[in-house]
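Subject: Structure handover

Hello,

My notes come after it.

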Amino acid sequence: VTYEVDGGFMYLRDLFGPENLLISFFDSPELIHEAMQCWFEIHDRLTAEYQKHIDIEELFLKEDVCYKTSSLVSPQMLEEFLFPYYTKLIENMKSRNKRVQKMFIGIDSDGHIESVIPAYRKIGVTIFSPFEVAADSDVVEIGKKYPDIVMYGGFDKRILATTKEKIKAEADRIFPAMKARGGYYPTCDHGVPEDVPYENYLYFRQLIDEYGK
């Protein structure tokens, strides 16, 4: 069972607006902490209620804290404003599980997610996605650098709209290397765009099946 939720940055961005949020980290830090305490209390109560009946195997945070070249806030700001509340929630969720021995933590962020991997690993995140290619995220190279993380995505969604030859070339570049690494979840680096022909998508899925054997 996965508990999927908007992470702190996405939650704050929706409350404040993107520009106002970045200003508020500096001008109104107490208000940011108050909002994050509210975030923590909501999800702590919800998961506590769920965990009366089930164990939760994964906490998955939809964060979107990155853009094309880096993160929108520094690792130090993540550690100051978000991580204390994540840590409390994770500890409480783990303590309430009755049978599950290990709870996984995952994060999804568009943009250059590599810039935040070291920071999130500090709080136990081991699952990352979607490795957006337009933001220079290369799953092959990142997979070499971080051999112990679980990776979703990394296949350029724009290539799916081109030709089968280009799809095959990208699959040949990515899939053997990731299979040798120990595997990953081979999906495109975001939702499938509407300009992708159905036949191309079926071909992409066919290649996944072939390489997965």
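Below is what turned up, starting with the core and ending with the rings.

One caution: this is a predicted model.

Core

The largest nonpolar core holds 62 residues. Within this core, Leu-12, Leu-59 and Tyr-120 have the most contacts. Helix 5 (residues 83-96) gives the most to the core: six residues. As background, nonpolar side chains in soluble globular proteins tend to be buried together.

Tyr-120 deserves a look. Leaving out residues up to four places away in sequence, Tyr-120 touches Glu-63, Val-65, Leu-78, Leu-82, Phe-83, Tyr-86, Ile-107, Val-125 and Phe-128.

Strands

Strand 1 covers residues 2-6, and its side chains alternate. Tyr-3 and Val-5 point to one face and are buried.

Strand 1 runs parallel to strand 2 (residues 58-62), and five bridges join them. Asp-6 has Lys-62 of strand 2 as its bridge partner.

Aromatic pairs

How many aromatic pairs does the structure hold? The count is ten. Two of them are described here.

Phe-83 and Tyr-120 pair edge-to-face, at 5.2 Å centre to centre and with 65° between the planes. This pair links distant parts of the chain. Phe-83 sits in helix 5, Tyr-120 in helix 6 (residues 117-121), and 37 residues separate them. Tyr-120 is at 0% relative accessibility, so it counts as buried.

Phe-175 and Tyr-211 are also edge-to-face: 5.4 Å centre to centre, 75° between the planes. They too link distant parts of the chain, 36 residues apart. Phe-175 is in helix 8 (residues 164-181) and Tyr-211 is in helix 9 (residues 198-212). Phe-175 is buried, with a relative accessible area of 5%. Tyr-211 comes out at 22%. Buried means under 20%, so Tyr-211 is partly exposed.

Charge over a ring

One last item: Lys-88 lies over the face of Phe-40, 4.5 Å from the ring centre.

Best wishes

Key. Residues numbered from 1 in each chain as written. Predicted model: local features only at pLDDT ≥ 70, side-chain atom pairs only at ≥ 80, totals over all residues. Heavy atoms only, no water. Core = buried A, V, L, I, M, F, W, Y, C linked by side-chain atoms within 4.5 Å. Buried < 20%, exposed > 50% of the residue type's maximum accessible area, 1.4 Å probe, protein only. Helix = DSSP H or I, 4+ residues; strand = E, 2+ residues; numbered from the N terminus. Contact = heavy atoms within 4.5 Å. Pairing = 2+ DSSP bridges. Phe/Tyr/Trp six-rings, centres within 6.5 Å; stacked < 30°, edge-to-face > 60°. Lys NZ or Arg CZ within 6 Å of the ring centre and 35° of its normal.
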